Amino acid sequence: MTLLSFPPGRWHGLWIWADPSTASPTPTERVTAAFCHRFTIDSVPVSVPARLAAVGRATWWINGVEVGRGPVRSHPQRSVWDDADVASLLVRGENSVACLVTLDGSATAWSMPLPSTTDLSRGAVACELHLSATHVISTDTTWRGSLLSGWSASPAAGFISRGWELIDTSSLPASWTTSATHTDQWPAARARRAMVFGSSGRPNPPSFPVGPVGPRPTSRPTPTDVVLLQRGDRWIADRVTVGTLVIDAEGLAGSSVRIQTSERLTPDGQPIETSYDPSLTITTDGTRRSTESVDIFGLSGATVFADPGVVVHAVTVRERVHPLTGTHSFSCSDPLLNQLYEVGRRTVSICSLDSYVDCPTREQRAWTGDSVVHQLIDLTTNDDWSLARWHPMLAASPRADGMLPMAVAGDIEANDVSIIPDWALHWVHSVWNLYRYIGDVDVIAPLMAVAEGVLRWFIPFLDDHGTPIDVPGWVIIDWSSVYSDGVSATLCGLWGRALIEFAEMATWLGDTGRAAWATETHARLRAGFERLWDPERSRYVDMLAPDGRFPAASQHGQAAAIVGGLVPQDRLDRLVEVITDERYLIHATFAAPDGPAEPGSETELGGAYLAKGHPAPWWNVDRDVVRAQPFFRYVVHDALVQAGRADLIATQLQDWQWLLDRCPTSFSETWYGGTISHGWSSTPTRDLIQYVTGLTPDTPGFTQALVQPNLGGLSFAKATAPTPYGGIHINITLDGVDVDSPIPVRLIWNGTETLLPATRSAARTDSP
């Protein structure tokens, strides 16, 4: 990512938009405008910082070369700008700067509209190129702009459906970013003023309510073209890929071609059409040209539906994902685990766009809780930690009551659809991860007030014993059959973990008052939680209803109790047995009310129960224990390690063979169905670094590492993993451990603890 300096205060560039007279008379769900400006320079400076702000999404070019796509998604009241050093794209003489801005008419999975009370809500863009302190090329009314007819999109077709995008190429010539032939005929752009109550209508950023408030917080993707293989009217990728669609086609003017994407393929490689796969329709202009979508599409294949005479020469996905930098790796004596490391890394990559998203295909939402797994994969496998930093900041968008939306910077937050209290607690854990890996006071301190708001949100729902009871909202836990009415064991455990971690961070910041409050609240919770212990079965029940204990139990409840610090030491061995005894573990999900949802059964996720409520158990609740789905297994594995059984992790990861059987290149949403590309299922990649090689931060900011290997049944394991000061190389055999590190390492091996000095000079490398 670039680190560019711009003067404080108002921008040189004005907010501009296209003349409304160029608009299509037909109202559309989406408005798209193109802008172009030409300028002449006598020489090219060594550095030319440039930035762009937009109400909506924008792509910008210098002399026909794409600078970037942005700004990254954010709440519209705290937007950021996109920036780059564009000196290498400029030439002596005439130059052009162009941008394409798309404004969705209503909230989408990735955007929220501005209040209609501001003039900017109808679209605005500002751009400036700083050639020197006194020479700035910036948006004003000398720029040309046009509202594009036929460029539109549907509103979301459903909660997990994306709908379609339309592009009419006749309204935008192929050479528009470089040629003046057509764009000089466009009307002059009009200045926009941020007219809101009490404001004089500032014509340039920063302005209410958008800002922008700062630079691009994440690294810019490096686009990579993935050319799909043609099979008749079907076009196939070798794995799920995500990016813009580039269609090379020709046809008579006014003809159309629709590209229907598919996440999944049949066993013989044919695209499977589902209700949630989006499409792109292009209207041709009579020439052969390549057209690139505005939207991001995730797919394994596509079906082309073309009017007579239309020829499609190529279908390409221009993959646009967060950069994966560094040469980090993992290998061991088990080929399956080696494959899991790579597949988990790939799954998170295709779910790393301008935020962490649940999946690249049907939704692309920035869920508040899912991202804790994505973040850990980046922190343990990627030198570029900018997205791992940014997503917790993006998600720090509390409601008036302190609770976080279940997904942010999109339709769910805009419409306040619901809350997931446990998702906010996973978010607190992601803040704690930043504290451990990055250890930056300027990052953590501003998030503490939000974290405290989340924790205190539970206080009005505490019973006389200090345990949350009948918490409102959607307590999802995961897609397994975990009962959570009354006092929920899992929710108590997650709240307990968050209180412990909050107290630790507050102590680190010197905030003894917050630390004491969290510690005292946790102590009361721990005492009250004892009521969920089932002495007859020696395990914790999932739920304590007003009329007594409900005997159903799950891996979730036991694991959350452990990580939440609610379990007496003498019970840990028994709870490990409850979690891992295969004789009693069952695949239960509310989506399958009459029997198990076995891996590979292709059961629906469970939308029906969300509307109807939880069905009664079909299993023997006195004996059986409900398995966790892939997402919550990160908590289960944390619990096993905390209970002193990290040696079990390598064996636990064998379950992910179920997901490889469904898709060998990315991990599925659940053991039994859902998308085949869900980042929250990628825990094995984290585990192989943190728990098999045993590499974690030993001090906040990773100034010292802890290496505590746990081979389990493996004969060797070796890895390279990132720290802010350079990579650590670890080689573990049954005979010993070799470590090459730029920072000191506390090594625990065979019961012996050794402090190893740094073996290489270190320089901090993480991106701010």
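# A walk through the predicted model

Let us start with S47, which lies in the loop between β2 (30-41) and β3 (49-55). Everything described here comes from a predicted model. With a relative accessibility of 35%, S47 falls in the partly exposed class, because that class covers the range between the 20% and 50% cut-offs. Setting aside residues up to four places away in sequence, S47 touches D85, A87 and H130.

F6 belongs to the segment before β1 (16-17). Is F6 buried or exposed? Its relative accessible area is 12%, so F6 counts as buried.

Next, have a look at strand β20 (residues 297-306). Eight of the ten residues in β20 are buried, which leaves this strand mostly covered. What are its partners? Strand β16 (residues 234-250) pairs with β20 in the antiparallel sense over six bridges, and W235 has A302 of β20 as its bridge partner. Strand β17 (residues 256-262) also pairs with β20 in the antiparallel sense, again over six bridges. Here R258 stands opposite F305 in β20. As a reminder while you trace these strands, side chains in a regular strand alternate between the two faces of the sheet.

Now for the helices. A pair of packed helices is described by the angle between the two axes and by the distance between them. Helix α2 (residues 335-349) packs against helix α3 (residues 371-381) at an angle of about 120 degrees, and their axes are 10 Å apart. That angle makes α2 oblique to α3. The α2 and α3 crossing is left-handed. On the α2 side, Y341, G344, R345 and V348 take part, and they meet H374, I377, D378 and T381 in α3. By class, the residues of this contact are three nonpolar, three polar and two charged.

With helix α7 (residues 441-457), α8 makes an angle of about 140 degrees, the axes being 11 Å apart. The two helices α7 and α8 are therefore oblique to each other, and their crossing is left-handed. V441, I444, M448, A451, E452 and L455 in α7 meet W495, A498, L499, F502, M505, A506 and W508 in α8. This contact of α7 with α8 has twelve nonpolar residues, no polar ones and one charged residue.

The other packing joins α8 (residues 489-508) to helix α9 (residues 512-529), where the axes come within 8 Å and cross at roughly 155 degrees. That makes α8 roughly antiparallel to α9. The crossing of α8 and α9 is left-handed. From α8 the contact draws on residues including A489, C492, W495, G496, L499 and F502, and from α9 on residues including R514, W517, A518, H522, L525 and F529. In this contact of α8 with α9, 13 residues are nonpolar, five are polar and one is charged.

Moving on, you come to an open sheet of three strands with parallel pairing, in the order β30-β32-β31. β30 (553-554) and β31 (585-586) stand at the edges with a single partner strand each, so one side of each has no neighbour in the sheet. Two bridges join β31 to the parallel strand β32 (residues 625-626), and L585 has V625 in β32 as its bridge partner.

Our last stop is helix α16 (residues 683-692). How many of its ten residues are buried? Ten of the ten are, so α16 is largely enclosed by the rest of the structure. Among these buried residues are T683, R686, D687, Q690 and Y691. Just after α16, G694 takes a positive phi of about 75 degrees.

Terms used:
Residues are numbered from 1 along each chain as its sequence is written. This is a predicted model: local features need pLDDT of at least 70, side-chain atom pairs count only at pLDDT 80 or more; totals for chains, interfaces and linings use all residues. Side-chain values use heavy atoms; hydrogens and water are left out. Axes are lines fitted to C-alpha atoms, for helices over the stretch in contact, and angles run from 0 to 180 degrees between N-to-C directions. Helices (H or I, at least four residues) and strands (E, at least two) are DSSP runs, numbered from the N terminus. Angles under 35 degrees count as roughly parallel, over 145 as roughly antiparallel, 65 to 115 as roughly perpendicular and the rest as oblique. A crossing is left-handed if the near helix is turned anticlockwise from the far one by less than a right angle, and right-handed if clockwise. Contact means heavy atoms within 4.5 Å. Ala, Val, Leu, Ile, Met, Phe, Trp, Tyr, Cys and Pro count as nonpolar, Asp, Glu, Lys and Arg as charged, and the others, Gly among them, as polar. Two strands pair if DSSP finds at least two bridges between them. Buried means under 20% relative accessible area, exposed over 50%, partly exposed in between (1.4 Å probe, protein chains only).
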